[in-house]
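Biologist: Could you take me through the salt bridges here, slowly, as I am new to this? Please look closely at the partners and at how open their surroundings are.

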Amino acid sequence: MSSPAASEPAPSRRRFVKTKRVLVTLLVLLVLAAVAFFTLAPGIVERSMNEIVEGPQPEVTAETQKLHDSLTILDMHSDTLLWKRDLLERSERGHVDLPRLQEGNVALQVFSSVSKSPKGQNFDSNSADTDNITLLTFAQLQPPRTWSSIFERSMYHAEKLRDAEKRSDGALRIVRTREDLTTLVADRAAGKDVTGALLSLEGLQSLEGDADNLKRLYDAGHRMAGFTHFFDNEVAGSMHGEEKDGLTDLGREVFDEMERLGMIVDVAHASHPAVAEMLARATKPVVSSHGGVQATCKVNRNLTDDEIRGVAATGGVVGIGYFDGAVCDTTAKAVVDAMVHVRDLVGIAHVGLGSDYDGSVAVGWDTADLAVLTQELVDRGFSDADIAAVMGGNVQRVMTEVLPAR
Ligand SMILES: [Zn+2]
């Protein structure tokens with residue numbers, strides 16, 4: 001007869017089994033929490049940052065919708081590639097994806113690469129010492145090379161767009177040359193359902209201080225670049241930086257190389273001295289891809305009248321954003337107010353779209369509902385020809401002038 005002690009585990013073994021069970025349970029809970037975090041967190045973060053707010057927007061008439069559907073529309077700025085979403089699928093969050101670009105009749109969307117953003121980001125003064133994007137690269141399970149290298153983040157954003165293009169069966173096409181752009185516009189005119197995409201850099205911190213990295217980013221497809229984002233970097237001072245200086249020697253070298261390669265220079269976010277230097281240096285059209293004007297929204301990130309004149313003198317375009325920081329409101333009326341100011345100051349040829357969709361901004365409509373902006377232009381007495389220029393014609397002209405021939 002065996003004693004109970006022989007058939008049951010000894011007390012120490014019993015304790016071990018119990019501890020093991022607790023550990024396994026904890027581990028399972030931890031894995032579940034991690035799965036929940038990596039699945040849900042990116043969506044929760046984006047939903048809270050890229051909102052669509054209700055507001056008084058014009059009612060689109062059938063006649064305006066017809067006009068809108070006949071336009072060639074180009075938008076100079078969206079940060080969609082920053083977020084963990086499939087560009088080919090219609091999303092419940094954010095502002096841009098291929099189905100919504102198609103619905104809004106957008107011919108070409110510029111997709112920028114946001115590679116670094118300081119903690120406590122504000123318009124007045126930010127240091128380059130902290131970065132929120134690093135956490136986002138973990139949370140979105142991006143490739144490890146993007147965790148510590150901001151250059152790799154911009155390479156990765158280009159890969160994401162190329163991957164979406166490959167899977168799109170010809171519905172999404174990356175534009176790299178003047179010839180690509182001409183073909184895109186011709187194909188759309190012939191009834192082909194194709195949407196163009198052009199890569200840009202939001203801040204040349206992506207170079208990591210190495211001029212040779214410009215060519216690598218160009219080869220990856222990037223064709224436009226803002227020199228700075230929210231902090232001063234190796235090429236220029238930001239209007240939101242600590243020093244807000246002009247261009248550095250590296251900045252001047254990169255500027256000339258961009259013009260040589262056929263990349264569009266974007267003065268958005270650059271400090272006033274840096275903008276002045278870029279405008280004086282330019283031999284090709286320069287853009288302000290997304291923002292507003294001081295005259296209608298006195299925020300330090302917006303262009304002064306002198307800067308608007310300077311952009312126009314290069315043959316460039318001022319892209320008006322749809323968010324509060326650019327136009328001090330989220331209505332189509334406020335966007336058109338800024339456009340009217342640019343038109344009256346330098347002419348209709350220098351007004352364009354720069355939504356800043358998916359750029360951690362709240363806007364009044366997503367790209368599917370872009371016709372509200374066309375309606376506001378109609379209501380404000382813009383002619384059909386002027387509407388065509390604002391909605392895309394002007395940006396098409398700049399791209400045709402600056403992009404490499406083939
Ligand atoms: Zn921006």
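Predicted model: local features only at pLDDT ≥ 70, side-chain atom pairs only at ≥ 80, totals over all residues.

Modeller: Happy to! A salt bridge is a side-chain nitrogen of Lys or Arg within 4 Å of a carboxyl oxygen of Asp or Glu. Asp344 is exposed, because its relative accessible area is 54% and exposed means over 50%. Arg343 has 26% relative accessibility, so this residue counts as partly exposed.

Salt bridges can also share partners, and in this way Lys333, Asp337, Glu376 and Arg380 are joined into one network. Let's look at one pair from that network. Arg380 and Asp337 meet through their side chains in a salt bridge of 2.5 Å, N to O. This pair links distant parts of the chain, 43 residues apart: Asp337 sits in helix 14 (residues 332-346), while Arg380 lies in the loop between helix 15 (371-379) and helix 16 (384-402). Arg380 is partly exposed, with a relative accessible area of 31%. Asp337 is partly exposed too, at 24%.

Now for a pair with a contrast. Lys192 forms a salt bridge with Asp187, and the closest N and O atoms are 3.9 Å apart. Lys192 counts as exposed, because its relative accessibility is 52%. Asp187, with a relative accessible area of 16%, is buried, since buried means under 20%.

Conventions: Residues numbered from 1 in each chain as written. Heavy atoms only, no water. Buried < 20%, exposed > 50% of the residue type's maximum accessible area, 1.4 Å probe, protein only. Helix = DSSP H or I, 4+ residues; strand = E, 2+ residues; numbered from the N terminus.
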